[in-house]
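Here are my notes on the ligand site, with the pocket lining to start. Have the model open while you read.

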Amino acid sequence: MRSILILNGPNLNLLGTRQPEVYGDETLEMVQQKCLDYGAQRGVEIAFEQSNHEGVLLDHIHAAKGVHDGIVLNAGAYTHTSIALMDALFSVELPAVEVHLSNIHAREEFRHTSYISRAVVGQICGFGSHGYLMAIGALIACASV
Ligand code: DQA
């Protein structure tokens, strides 16, 4: 069965209580369940991970090679700082989609830059948790996952 890794970065474990006016009131567990259901309906296995640590996120990306067929990544604030995560995505050569709950381009200037964007098929932002489902759909439709 085809398999997609959904990887979440720092502070996303706090979803539901963290700035709900920006990120919504769903918890990460609720988002995970939506992704599992959406994947099951499409015959795709979903693995769902979160870490607040850049190195752990790197390890997850490295371990995805040969195990998963695509990656959905919300790298949180590491999006705007991490050349290491960008390099890891390039290294594993898996199709990836970048997701953000909020529209990062409508927010502070420092959120407009994404190192992740250079290494992914495309970016989805501003649609809340629905963006994760859009990203799964995009991997299936556009990246043969
Ligand atoms: C985020 C946007 C980032 O700028 C921020 O640091 C996050 C969440 C989003 O999903 O909208 O932690 O990735």
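1. The lining of the largest pocket splits into six nonpolar, seven polar and three charged residues. Here Ala, Val, Leu, Ile, Met, Phe, Trp, Tyr, Cys and Pro count as nonpolar, Asp, Glu, Lys and Arg as charged, and the others, Gly among them, as polar.

2. Keep in mind that this is a predicted model, where local features need pLDDT of at least 70 and side-chain atom pairs pLDDT 80 or more, while totals for chains, interfaces and linings use all residues. Numbering runs from 1 along each chain as its sequence is written, and side-chain values use heavy atoms, without hydrogens or water.

3. The largest pocket holds about 160 Å³ of space. Among its 16 lining residues, Arg18, Tyr23, Gly76, Ala77 and Arg111 come closest to the centre. The ligand sits in this pocket (more than half of its atoms lie within 2 Å of the pocket's grid points).

4. Which residues surround the ligand? Among them are Asn74, His80, His100, Leu101, Ser102 and Ile104. The shell comprises four nonpolar, five polar and two charged residues.

5. Oxygen atoms of the ligand lie 2.8 Å from a polar side-chain atom of asparagine 74, 2.8 Å from one of histidine 100 and 3.2 Å from a polar backbone atom of alanine 77. The protein buries 99% of the 320 Å² that the ligand exposes when taken alone (Shrake-Rupley method, 1.4 Å probe).

Definitions and conventions: Near = heavy atom within 4 Å. Polar contact = N/O pair within 3.5 Å; in protein donor to acceptor, adjacent residues only side chain to side chain. 1 Å grid on protein atoms, 1.4 Å probe; cavity = no way out; pocket = protein on both sides within 12 Å on 5 of 7 lines; lining within 4 Å. Points joined across faces, edges and corners; volume = space filled by probe spheres on them.
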